[in-house]
Amino acid sequence: MPSMPLKPPVPDLPRYRDLIPGATVVSQDAVQPHTGGWRLGRKPQLEASRCVNCLLCWLYCPDCAVAVRGTVVLGFDYDFCKGCELCVAVCPTGAISMVDEGKQLPACGRVG
Ligand code: SF4
Ligand code: SF4
């Protein structure tokens, strides 16, 4: 039986100095589309008294639409919240619920 090579062959890769430089987009130059216009009639609402500031909603929100101050969740930035409900799904305490778009809410749940 033929013997098997112990290691896979190493591809002949260029050294990093020989790579073609790629583009870099810095935050102030990035396009920031107002994805809030994508919502379909419902938006998230924070019930601050149930929030334990685990920040899971902030971590999972695909549009960085969860407003925080330090490690405290304040509410949602509706210019960018597209109403996907991911924050509702990951919240362990049920502190976020979806409400009708027309309901008047403070911009940030904990801001007076
Ligand atoms: S519904 Fe929640 S997770 Fe989805 S975009 Fe709005 S704040 Fe972010
Ligand atoms: S996931 Fe829920 S409990 Fe955690 S920070 Fe967000 S709203 Fe608060």
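A residue is near a molecule if one of its heavy atoms lies within 4 Å of that molecule. The model shown is predicted, and local features need pLDDT of at least 70, while side-chain atom pairs count only at pLDDT 80 or more. Residues are numbered from 1 along each chain as its sequence is written, and side-chain values use heavy atoms, with hydrogens and water left out.

Figure 1. The residues around ligand 1 are Cys-61, Pro-62, Phe-76, Cys-81, Lys-82, Gly-83, Cys-84, Glu-85, Leu-86 and Cys-87. By class, this shell has seven nonpolar, one polar and two charged residues; Ala, Val, Leu, Ile, Met, Phe, Trp, Tyr, Cys and Pro count as nonpolar, Asp, Glu, Lys and Arg as charged, and the others, Gly among them, as polar. Cys-81 is buried, with a relative accessible area of 7% (buried means under 20%, exposed over 50%, and partly exposed in between, for a 1.4 Å probe and protein chains only).

**Figure 2. Surroundings of ligand 2.** Around ligand 2 there are 13 residues, the closest being Cys-51, Cys-54, Leu-55, Cys-57 and Cys-91. The shell of ligand 2 has 11 nonpolar, two polar and no charged residues. Cys-54 is partly exposed, at a relative accessible area of 39%.

**Figure 3. The rings of Phe-76 and Tyr-78.** There is one aromatic pair (ring centres of Phe, Tyr or the six-membered ring of Trp within 6.5 Å; planes under 30 degrees apart are stacked, over 60 edge-to-face, the rest tilted). Phe-76 and Tyr-78 form this tilted pair, 6.4 Å centre to centre with 40° between the planes. Phe-76 is buried at 4% relative accessibility, and Tyr-78 is buried at 19%.

Definitions and conventions. Chains are lettered from A and ligands numbered from 1 in the order in which they are written.
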